[in-house]
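Subject: Structure for you to look over

Dear colleague,

I am passing on the structure we talked about, with some notes on the packing of its side chains below. Please read them with the model open.

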Amino acid sequence: MTAIALVNPSVGYSDRRKSKPIGLAYIGAYLRQHGFEATGFDFGDSPGRPAELSARHGLDAFSLVGFSVYNESLDATLEHAAWLKRRNPAACVVLGGPHATAVHDGIMRECPDVDAVVRREGERPMLDLARHHREAPGEPVRPDVPGTTVRLPTGGIRVNPDAPFLDDLDALPFPDFPFVSDSGYPPLTYFDAARGTLLPALAINSSRSCPYNCSFCGVLTIGRKYRMRSGESVVAEMAHFRAADGLPYRHVYFSDANFFVHPRRALQIASALHAYDPDITFSFGTRVNQLLKHRDVLPELKECGLRFVELGIESASPDVLKRLAKGVEPADNLAAVRLLHRHGLDVSLDFIMIDPETTLQDLRANQRFLRAGGFYDYVPHEHLYTHLVLYAGTPIREHYERRRGAPFGMSELPPIDTLVEDPATARVHAALVWFRAAYQNAVDLVLAEAEALLQTRARHRARHPVTPDELALQLDVVAARHAPGLYFDNVLDDCERHPHGDAPFDALLPRPGTGSPALADLLLRAARRIDALTAADTGVTTRTQALLPTAKGVAANGS
Amino acid sequence: MILRSERPVLDECGRIYIAGAGPAGECLRLNPAATRLWRTAVGRLDQAGLARLAPPSRSFLQSLLERGVLAWRDARP
């Protein structure tokens, strides 16, 4: 009997956007298709220590345990593996995923509790390992499985050739594989502003990899061979999960690394979904150059239900775009945003505000782009706080290793504040980190409560005639949306005037909105108006007050 | 008599926002061209000035007049 566990390890903190680990789900479904039942464990948002989680879920009862590993979770994975091997030395521990692929040799050299690393796609190598494990229980891991790096009985390490890519994605089973999870999964939804309706949504992956070579992208580690599914297969997956989950999914988030590589294929999938159910809407992510090159397809995609495109803009600085190997100019980014807006399509912004070599000039370019693209009204405000993450196996990580003259550790994700080279940029970053800690939660709360209230009132206008309080709240919402961007403006101005200045960060707070109130006063004013317009006592004022810096004890200077 | 806004307005981040001016009484954000027009017209333009505007600008302001977002008011502050 081969007892197989597939584990998404804890990263030590809670991820509020938790979703199923789709790579492991594909492997679990593939094993089942070939006669192997596995048990899935998703510890992705568990704050518990790996040993405690392993014990609680009895991982030592499994004889073959596969872990999906990201940079953030390698250390936790190795703690799981050590616990497991102490209690069940005969268990076979296998690591896979993008990070394990990137550092497979280091893992095998330095981590004796690991028996094998599966590189790139996991389906076939895991099936081969499972078959061997069933045929020869208690024996060492099979030494010659393509796509693996294995520990030999002699103690040596063998790097087998890469496994061939899975070319026929339509032949794969749907990723319908359950996970034991501490918290379950929040329902995936999409608010369709065009219809004023919250829709149940499904994430579907319709392709693998991406033919481009953005220098920061972890997808590079699994190879650049782009493979695609057919429209019929995508429709069949939608029908499958509608039946299996008993939910009338009406929006598809295509989770492909790059959905829009071949526009005719994108249109074929969109048309098939539209023919299956014309009420289905969808969204996808792609690159700016692809969107501009194939702009002629956009009207048809919109006709088939396209609502927004997640655009890998990343930066508006020509120097940063070169470092990131985006292959586009800043003007292309703005053109792509305007193209989508002209078609009445929304933009979901992928942005990297700061990389280690970012200068004030680069940040000014980002500021101009955000202004010109209308992103001062955009929420969430994450784009202001994002920074480059140096994932293992990416060219940009190697660039910074060369720049500092030493490699990073195998599981090291160097914090951006240890990498930023320009002192003025470091100060901008510190100020944004301070603002996020001090005010962003209160801004988010007020916006979420106010926008839900205002949307409801607009949808049922006959029951809720416009009042002076509502009009005032509408403008407070606009001002709250602007606040983080206006703070960014003030910080840039200050850093330009005083590159080595030490003004307390709260001296740079904006005063947005009618009457130019202090930011805390604006948020409290909006919260009071929400409470006044709401029949039930929602306590927004009290909750907002509790999130403000005075209540949280955040210092004005960021200390 | 000059054009005045009948609704609360915010001029911030390069755009004009007009509370309650949307079709369902929601906040309306003007695009850059309409923002420029608003700034030059509202609080300044009289009826003769409106008549001299290019047709697209004139019809935009007239639509706001018809919806009660703008009104002719005394020129004195």
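Over the ring of which residue does the charged end of A:Arg208 sit? The ring is that of A:Tyr26, with the charged end 5.0 Å from its centre, where a charge sits over a ring if NZ of Lys or CZ of Arg is within 6 Å of the ring centre and within 35 degrees of the ring normal. Likewise, A:Arg265 lies over the face of A:Phe259, at 5.0 Å from the ring centre.

Please note that this is a predicted model, in which local features need pLDDT of at least 70 and side-chain atom pairs count only at pLDDT 80 or more, while totals for chains, interfaces and linings use all residues. Residues are numbered from 1 along each chain as its sequence is written, chains are lettered from A and ligands numbered from 1 in the order in which they are written, and side-chain values use heavy atoms, with hydrogens and water left out.

A:Tyr487 is in contact (heavy atoms within 4.5 Å) with residues beyond its neighbours within four places in sequence, among them A:Trp434, A:Phe505 and A:Pro510. A:Trp434 and A:Phe505 themselves form an aromatic pair (ring centres within 6.5 Å; planes under 30 degrees apart are stacked, over 60 edge-to-face, the rest tilted), and this one is tilted, at 6.2 Å centre to centre and 50° between the planes. A:Trp434 counts as buried because its relative accessibility is 5%, buried meaning under 20% relative accessible area, exposed over 50% and partly exposed in between, with a 1.4 Å probe and protein chains only.

Best wishes

Note on methods. Rings of Phe, Tyr and Trp (its six-membered ring) pair if their centres lie within 6.5 Å; planes under 30 degrees apart count as stacked, over 60 as edge-to-face and the rest as tilted.
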